[in-house]
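Subject: Structure handover

Hello,

The structure we discussed is below, and my notes follow it. Please read them alongside the coordinates.

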Amino acid sequence: EISPGPYPDTYRFESVETGTFIAISSAGRVYAEESMENKNTLFVQHKNSYNSIVIISFRFAHLGWRLGLTKTGSVKPVLKTVVPANQKATSWKFKPIESDDSSLGTTFANIMGGDTM
């Protein structure tokens with residue numbers, strides 16, 4: 001689930017199954033964090049030159065760390081998301097969830113495969 005963070009334009013991504021949050025550590029590792037109070041769980045979105053959404057770590061935005069997936073669906077190492085700036089692995093688009101339950105809202109879909117997060 002995507003939920004708003006405590007600061008303007010910040011978001012958190014929570015696993016529905018485990019209740020943990022996607023986070024990026026100071027070492028650049030993507031991991032599951034149990035505490036929503038940890039600022040490693042905050043992300044901001046930015047539109048790139050291809051009009052796609054880029055999800056950037058709030059805490060480490062000054063380093064340019066982005067959330068991305070490889071072609072196989074694995075999490076892309078954060079340190080490899082900085083250069084080049086516009087990568088398919090880090091470009092996302094909003095995609096409505098196809099369901100009868102309208103309360104589900106919207107999720108992100110990776111451009112490479114269209115998989116929902």
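Helices (H or I, at least four residues) and strands (E, at least two) are DSSP runs, numbered from the N terminus. On that basis K88 sits in the loop between strand 6 (53-57) and strand 7 (91-96). This is a predicted model, in which local features need pLDDT of at least 70 and side-chain atom pairs count only at pLDDT 80 or more, while totals for chains, interfaces and linings use all residues. Residues are numbered from 1 along each chain as its sequence is written, and side-chain values use heavy atoms, with hydrogens and water left out.

Overall picture

The chain has eight strands and zero helices, so the order of elements from the N terminus is β-β-β-β-β-β-β-β. Buried means under 20% relative accessible area, exposed over 50%, and partly exposed in between (1.4 Å probe, protein chains only). Of the 117 residues, 37% count as buried. Contact means heavy atoms within 4.5 Å. Among contacts between residues at least 6 apart in sequence, 35% join residues at least 24 apart.

Core

A nonpolar core is a set of buried Ala, Val, Leu, Ile, Met, Phe, Trp, Tyr and Cys residues joined through side-chain atoms within 4.5 Å. The largest one has nine residues: F13, I24, F43, I53, I55, F60, W65, L67 and V78. Leaving out residues up to four places away in sequence, F60 touches I24, S25, S26, N40 and W65.

Two threonines

T10 belongs to strand 2 (residues 10-13). T10 counts as buried because its relative accessible area is 1%. A polar atom of the T10 side chain lies 2.6 Å from the backbone oxygen of Y7. Beyond four places in sequence, T10 is in contact with S3, P4, G5, L42, F43, V44 and F58.

T20 lies in the loop between strand 2 and strand 3, and with a relative accessible area of 16% T20 is also buried. The side chains of T20 and T18 make a polar contact at 2.7 Å. A polar contact is a pair of N or O atoms within 3.5 Å; within protein, one must be able to donate a hydrogen and the other to accept it, and residues adjacent in sequence count only if both atoms are side-chain atoms.

Aromatic pairs

Rings of Phe, Tyr and Trp (its six-membered ring) pair if their centres lie within 6.5 Å; planes under 30 degrees apart count as stacked, over 60 as edge-to-face and the rest as tilted. The whole structure holds three aromatic pairs. One of them, Y7 with F58, is stacked, at 5.3 Å centre to centre and 15° between the planes. Y7 is partly exposed at 34%, and F58 is partly exposed at 32%.

Hairpin and loop

Two strands pair if DSSP finds at least two bridges between them. Strand 3 (residues 21-24) and strand 4 (residues 30-33) pair antiparallel over four bridges, and I22 has A32 as its bridge partner in strand 4. Five residues lie between these strands in the hairpin, where G28 takes a positive phi near 85°.

K88 is exposed, with a relative accessible area of 63%. K88 and V54 are 34 residues apart in sequence and 9.9 Å apart in space, C-alpha to C-alpha.

Regards
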